[in-house]
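Then follow the text with the sequence beside you.

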Amino acid sequence: MELSKLLRPNIASLAPYSCARNEFHGKQARIYLDANENPFNVPFNRYPDPLQLQLKSSLSKLKGVPAANIFLGNGSDEAIDLVYRCFCRPGVDNVVAIEPTYGMYRVCADINDVEYRPVLLDERFQLNADRLLAATDAATKAVWLCSPNNPTGNSLLHDEVMRVIASFQGIVVVDEAYIDFSAEASLTRLLATQPNLVVLQTMSKAWGCAAIRLGMAFASREIIDVFNKVKYPYNVSLPTQQAALEQLQDPFQTDKWVRQLLAERQQLMQAFGELPITEKVFPSDANFFLTRVRGAQHVYDYLTDQGIVVRNRSRVTLCGECLRITVGTRSENTELIGALRRLG
């Protein structure tokens with residue numbers, strides 16, 4: 001893969017904005033008179049580290065990925081959007097994605113005026129690499145894979161994913177937002193040998209930090225450098241960086257949450273399988289599962305009236321009459337099942 005041939009010409013020649021904090025990077029300072037900041041209201045008066053180096057150092061140790069191979073953004077959605085902005089020429093290039101999957105891939109394609117080509121999964125919500133690759137052409141710049149997938153909950157077959165990575169001569173993005181709940185190993189271990197691979201992860205799910213909006217992209221140094229060149233200068237706030245660093249100090253708490261949620265997922269899926277309204281409960285490697293029920297909209301409306309909100313995915317391709325159920329606490333899950341038993 002030649003990255004220069006994949007980049008949009010204007011991005012390849014882009015001179016990035018040089019912020020004040022970048023220009024003195026690597027030197028010691030006591031007095032900051034460079035960025036037109038207010039000297040009062042410490043620490044919120046100062047711009048945050050534009051490259052989040054301390055946070056990346058902590059993540060590097062945890063993930064086993066060099067800091068230079070990590071991009072941090074305002075949720076994973078920022079990295080998703082950057083793939084389009086860096087590699088896809090509006091009105092010219094296209095991307096290929098599995099269907100059904102996370103909706104932001106298509107939304108970002110529409111925003112950036114890039115053709116989006118969905119390829120249906122099979123009846124088990126599994127990927128067929130040959131069929132997906134057949135949808136690509138010379139103008140295809142990226143392929144989107146989500147594993148474990150949303151909203152289906154299952155991990156994609158590893159061999160099929162690897163065939164796509166090995167065969168496609170563009171960017172392959174594997175979104176691993178739910179990888180902490182799966183027995184599958186992260187594909188970050190392949191970054192050194194797969195220069196076209198971008199792996200997305202997040203602090204929102206297993207780490208319980210959806211409110212701080214911190215997404216991670218792991219890729220080759222060349223791709224990360226491009227992302228850093230195009231991103232807005234201070235894209236991750238100081239409170240977000242501080243909150244993430246604090247959370248990373250106790251990874252064992254996150255492990256405990258994951259174990260609890262996996263145990264709850266098993267019990268909740270079993271309970272759903274015994275409900276009269278349930279037609280099928282699909283396998284899951286995430287902190288949610290998909291279930292097909294009789295009268296999904298009726299069930300959704302009934303639960304809403306009970307103050308319980310789930311996700312009706314009936315309008316999503318291949319997900320007719322399906323609800324997506326996020327695994328909650330023991331008491332929340334018990335209340336959900338109790339309400340559905342009263343429904344009949």
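Keep in mind that the model is predicted.

Start with strand β6, residues 197-202. Six of its six residues are buried, so the strand is largely enclosed by the rest of the structure. Trace its side chains next. L197, V199 and Q201 point one way from β6. V198, L200 and T202 point the other way. The residues on both sides are all buried.

Now look at the partners of this strand. Strand β5, residues 171-175, runs parallel to β6, and four bridges join the two.

Next comes a helix, α4, which spans residues 53-63. Which of its residues are buried? They are L55, K56, L59 and S60. These four cover an arc of only 140° around the axis, which puts them on the same side of α4. An α-helix has 3.6 residues a turn, so residues three or four places apart point the same way. The face of α4 turned away from the buried side carries Q54 and K61, which are exposed.

The space in the largest pocket is about 580 Å³. It is lined by 23 residues, and the closest to its centre are R21, Y32, Y47, P48 and D49. What classes make up this lining? There are 12 nonpolar, seven polar and four charged residues.

Move on to the second largest pocket, which holds about 260 Å³ of space. Its lining has 14 residues, and T101, Y102, G103, R313 and V316 are the closest to its centre. By class, six of the lining residues are nonpolar, three are polar and five are charged.

How many cavities of 30 Å³ or more does the structure hold? It holds one. The volume of the largest cavity is about 110 Å³. Of the 13 residues in its lining, S147, L156, E184, A185 and L187 are the closest to its centre. The lining is made of seven nonpolar, four polar and two charged residues.

Finish with the cysteines. A disulfide is a covalent bond between the sulfur atoms of two cysteines. The cut-off used here is a sulfur pair within 2.5 Å. By this rule the count is zero. C19 has 1% relative accessibility, so it counts as buried. C88 gives a second case. The closest cysteine sulfur to that of C88 is again in C86, 9.4 Å away, which is too far for a bond. C88 also counts as buried, because its relative accessibility is 1%.

Terms used:
Residues numbered from 1 in each chain as written. Predicted model: local features only at pLDDT ≥ 70, side-chain atom pairs only at ≥ 80, totals over all residues. Heavy atoms only, no water. 1 Å grid on protein atoms, 1.4 Å probe; cavity = no way out; pocket = protein on both sides within 12 Å on 5 of 7 lines; lining within 4 Å. Points joined across faces, edges and corners; volume = space filled by probe spheres on them. Nonpolar A, V, L, I, M, F, W, Y, C, P; charged D, E, K, R; others polar. Buried < 20%, exposed > 50% of the residue type's maximum accessible area, 1.4 Å probe, protein only. Pairing = 2+ DSSP bridges. Arc of directions from axis to C-beta.
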